[in-house]
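Here's a quick tour for someone meeting this structure for the first time. Take a look at it, and then we'll walk through a few parts.

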Amino acid sequence: LVLTGGEDVHPSRYNSTPLATRKQWFNEPRDAMEIELLRAALNDDMPVYAICRGMQLLNVTLGGSLVDLEGHSGTFTDDGDIDEVAYHRIFITPGSKLAAVVGSGGIVRVNSIHYQGMREAQKSPLLMASAYSLEDGVIEALESPNHRWVIGVQFHPERRMELPPHFDRLFQSLAERAEERFFTTQKR
């Protein structure tokens, strides 16, 4: 299952209310559908790759919450298209699933196109943070210690020209885990 970027997760999903200080963009039917898909995938130990909004939805679905952030979004046109991408440095925890997939832990520069996110206080107790922003401690990647392959990243690896090429391994690893799972479940 791949959960992609997009609209903000509606604050009612984590017992909050929409912000009056910023225009927010919601799609409650999408929230409901993706939460049900995610729960089913987690219950079946299906590989899950959650990107930006997807990582936020993963956190909320497992009991976490979100906060509004400054300095992580870049700039947007009046039509809502990305005008300029923000960048920042993150620290990937050595020994994490994320580090194993991309080839190493340590410091790397990533793109940043989000208004919401989480710090340790908002993180679900069922997830582990595997990367943090060096500038402000915002969690940049999550993974589940209770599943074979559940990884969420706050940045956008699909925007390939904006990240180091080793982040392509996330898509490759997801495909490999999905193929393994398919052949394992076919033998049952």
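## A strand with two faces

Buried here means under 20% relative accessible area, with exposed being over 50% and partly exposed in between (1.4 Å probe, protein chains only). Strands (E, at least two residues) and helices (H or I, at least four) are DSSP runs, numbered from the N terminus.

Before going further, some ground rules: this is a predicted model, where local features need pLDDT of at least 70 and side-chain atom pairs count only at pLDDT 80 or more, while totals for chains, interfaces and linings use all residues. Residues are numbered from 1 along each chain as its sequence is written, and side-chain values use heavy atoms, leaving out hydrogens and water.

## Who sits beside whom

Strand 6 pairs with strand 7 in the antiparallel sense over 7 bridges, and with strand 9 (residues 128–133), also antiparallel, over 3 bridges. Two strands count as paired if DSSP finds at least two bridges between them. Ile90 has Val108 as its bridge partner in strand 7, and Ser133 stands opposite Ile90 in strand 9.

Zooming out, there's an open sheet of 7 strands in the order 1-2-11-10-9-6-7, with mixed pairing. Strand 1 (2–3) and strand 7 (106–112) are at the edges with a single partner strand each, so one side of each has no neighbour in the sheet. Over at strand 1, the pairing with strand 2 (residues 48–51) is parallel, over 2 bridges, and Leu3 stands opposite Ala50 in strand 2.

## Helices across the sheet

Helix 1 (residues 28–43) lies across strands 1, 2 and 11 (150–153), at about 145 degrees to strand 2. Helix 4 (residues 169–186) lies across strand 1, strand 2 and strand 11 too, at about 155 degrees to strand 2. For these angles, axes are lines fitted to C-alpha atoms (for helices, over the stretch in contact), and the angles run from 0 to 180 degrees between N-to-C directions.

Leu174 counts as buried because its relative accessibility is 10%.

Notes. Contact = heavy atoms within 4.5 Å.
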